[in-house]
Amino acid sequence: MRPKFTYRVVPRLPVELELLRELAYNLCFSWKAEIRELFQRVDPVLWEESGHNPVLLLGMVSQTRLKELIQDPGFTAQLERVGRDFQRYVSHPRLQASHYSPHAPFLVAYFSAEFGLARCLPIYSGGLGVLAGDHLKSASDLNVPLVGVGLLYQEGYFSQYLSNDGWQMERYTPNDFHNMPLRPVLTSDGSSLRIQVDFKGQPVQIQIWRAHVGRIPLYLLDTNMEENPPDIRATTARLYGGDREMRLRQEIVLGIGGVRALRALGLNPTVFHMNEGHSAFSALERIHQLRAQKGLTFDAAREFVLATTVFTTHTPVPAGNDVFDPGLLRGYFEDYAKALGIHFSVLLGYGRIHPQDEGEPFGVTPLALRLSAHVNGVSRLHGRISRAMWQGVWPDLPAEDVPIEHITNGIHVPTWISREMAALMDRYLGPDWAEDPDNERVWEGVDRVTATELWRTHERCRERLVGYTRQRLVVQLKARGASEMEVQQAREVLEPDALTIGFARRFATYKRAMLLFRDPDRLDRIINHPERPVQVIVAGKAHPQDHEGKELIRNIIHLARQERFRKRIVFIEDYHLDTAHYLMAGCDLWLNTPRRPLEACGTSGMKAMANGCLHMSTLDGWWDEGYDPSYGWAIGHGEEYTDHGLQDEIESKDLYDLLENEVIPLFYQRGSDGIPRAWVDRMRAGLRRLVPIYNSHRMLQQYVERYYVPCSRRFQDLSDNDFQKARDLADWRRMLMTSWQDVRILEVSHRSNGERTVGEEVEVTARIQLGELTPQDVSVEIYYGRLDPQGEFQERWTALMKSTESKEGVYTYRGKISCGETGRFGFTIRVIPSRDRLENSFILGLVTWA
């Protein structure tokens, strides 16, 4: 039975404590420890019961307790101090928003299917969402004008529990949005602000919610409205749940609905950033709105959208990118394509690697690639892998020229550093270090931290981790109906002073969770050494449909239950952000074992190293560029195998060898004061050299400088005079596409006898036929570089050539190559669309080679 009317009950706070409400509704508490400590002081027991949710806590605490707090001068003084710091943070940023674009509008819309901000807002599953959350937090710290756009999932991602046999089970708990740190967006008359999309011609009502992430608003879309039929209400029920049609519906809501929500909010972003391909339909909706509201053609609208869009790809395997059957897509997009001014078959072509291949499904990643001027992978290695993986979209370009760059991910250091380590950094780096975490000079202060202080601080974190792990294990066992003896044994697992290895991540098969456990007998000898014990804490979830991943978890559970491993190997169920904080702060060694090159980046090791934990990994993702033996270990040497069984055998032995011969001896090499000084030196080196680089402030600043500012400039340029330059650009592209077939490189000559000395130049001349085009339409380049033994370019550079004369439609171009190094080199010539007229000359895929 359903009620006729609904209403909401909110906490009644005394005026003196009203500031608590403002603090509760801003997710600053997720990275500012002093705010969390304030709420914990309100009621420590309820703070734990609420899941560290300050909004829920305020609804649970009694009026009696609130009156007691008013009478507590210590609490009111703390509240006043925290409130003052919060108001300073929100209202007086170190950088003004106008800093980023003093003379033109600047606003970034950041789209992501998930955001990992705090445990009490469970709309994330793993690394993609946590990265998105850290992106928003750094945007807040740096006062970058940015808004987030995502989905508000009624059941979020699943909670994990294990059967008696160790098989992962899933539990979905409905979220109570009214007891979370977010509020519905209201219109002037107090009603909920809503927007609408269509599913196969059926209108879908969507409510907009807002969460505050420091200075940054995050808008979340919710289809669970009474006006919608039950199957449509369920669209935003579960993150990554349902079948392909449900996934398509979610991406329509995120992409199309997200753009419409921004318009309903009165926001006009100058940059749209798609964090993975889930929001690719946002580019189509922007074209749709430009046609409807500005009267642009599809081509002109496309040029404007392309020039102001950034796309970040995170998936290094084709199977990880969403694709949809054309028949399924037709029901949702055939009429929409007409509104775009194109045929449905043309729309399908935008989502295919090979547009004319009617048997190829529609992919959101090719769609995003074709409608974004700036595309990046999330580590140096991932950029290379992505260029090779998506070369088919630009078949005439060599892989190294495919227009996909890289910006390596980073972490929001204030969120991930432990309170113990943060207090230590306050003393040695200064109280403002957290606002400048990407300053290498600041982190040089780590060298002044004494070995004793750094080690004792880390030991306290390890002790907290051991206590937390025992507590969680007891809860897990009681939930499964374990005997009192088993529960008592769980209270005795692990040792507070043993070398602790952490392995926590999504249980996808390529992450190879079993590599450490491949040889149980050798592992037994390692971790049960009488003088140098080792313990392993494991956590992570498998996707509900990934039975191979679930089997990996069960295998580890069975191994951990063996008597020889019972006190040394522990699996923590239901891995979430709070568990991650304990693990990354308290482990001594963070282990990562992905199969190269399938880890796009992987940021868990960055979080661990920000807490003084050392890192061991295969040379994949960020570790391929971040590794140095002064603060970590590499498994293998970056090899890529076709025989995965052989690879696992070799690399598991390498892992065991590193543990036995390097890691464990170094950890237990103690001075008379019990301090492992050589180990602590490596902790210092990691903090000093890695933290200022692999953090989200540096990452975001690179996005701002490389992409956001140029996109905003293009937004202004192309929209001036009723979008005249966008119209002109569309006409010019059309001319290029129809005339490029006539571009010919007729002759190439150079003044060289086959050998040059360092410091000399090679003069190159080319005669080029441009047909209907002119030198203003093209860029002609010398493409040169060092050659490998097979005569292929090992590395390459380009030098621009200049048109010096023309005769009967043939243009003579001249240029020079500087000889700065010795070796075997080669060159060729290419013609591409003018670099002066496009943000990315390769995005059109037009190139003519000699």
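Two strands pair here if DSSP finds at least two bridges between them. Helices (H or I, at least four residues) and strands (E, at least two) are DSSP runs, numbered from the N terminus.

Before the details, the conditions. This is a predicted model, in which local features need pLDDT of at least 70 and side-chain atom pairs count only at pLDDT 80 or more, while totals for chains, interfaces and linings use all residues. Residues are numbered from 1 along each chain as its sequence is written, and side-chain values use heavy atoms, with hydrogens and water left out.

I start with a sheet. Strands β21, β22, β26 and β25 form an open sheet in that order, with antiparallel pairing. At its edges are β21 (744-751) and β25 (802-807), each of which pairs on one side only. From one strand to the next the twist averages 20°; axes are lines fitted to C-alpha atoms, for helices over the stretch in contact, and angles run from 0 to 180 degrees between N-to-C directions. Nine bridges join β22 (residues 761-769) to β26 (residues 810-818) in the antiparallel sense. Within β26, Tyr 813 is the residue opposite Ala 766.

Next, salt bridges. Side chains of opposite charge can pair when their charged atoms come close. The rule used is a side-chain nitrogen of Lys or Arg within 4 Å of a carboxyl oxygen of Asp or Glu, and by this rule the count comes to 68. For accessibility, buried means under 20% relative accessible area, exposed over 50%, and partly exposed in between (1.4 Å probe, protein chains only).

Glu 80 and Arg 84 meet at 3.9 Å, N to O, and both lie in α6 (residues 73-91), four residues apart, about one turn of the helix. Glu 80 is exposed at 53%, and Arg 84 is partly exposed at 48%.

Which residue does Arg 238 bridge to? The partner is Glu 155, with the closest N and O atoms 2.6 Å apart. That pair links distant parts of the chain, 83 residues apart: Arg 238 is in the loop between α8 (230-233) and α9 (244-264), and Glu 155 is in the loop between β2 (146-151) and β3 (159-162). Arg 238 is partly exposed at 34%.

Arg 260 and Glu 285 form another salt bridge, at 2.9 Å, N to O. Here helix α9 supplies Arg 260 and helix α10 (residues 281-294) supplies Glu 285, 25 residues apart. Arg 260 is partly exposed at 21%, whereas Glu 285 is buried at 1%.

There is also a network of salt bridges, linking Asp 299, Arg 302, Glu 303, Asp 731, Arg 733 and Arg 734.

Now helix α22. Its 14 residues, 547-560, reach 20 Å from first C-alpha to last, close to the 20 Å expected at 1.5 Å a residue; the expected span is 1.5 Å times one less than the number of residues. Buried residues in α22 include Leu 552, Ile 553, Ile 556 and Ile 557. What covers the buried residues of α22 includes β3, β4 (168-171), α21 (520-527), β16 (534-539) and β17 (569-572).

Last, a glycine. Gly 686 is found in helix α27 (residues 677-689) and is buried, with a relative accessible area of 0%. Leaving aside neighbours within four places in sequence, Gly 686 is in contact (heavy atoms within 4.5 Å) with Met 609, Tyr 631 and Val 691. Between the C-alpha atoms of Gly 686 and Gly 626, 60 residues apart along the chain, the separation is 9.9 Å.
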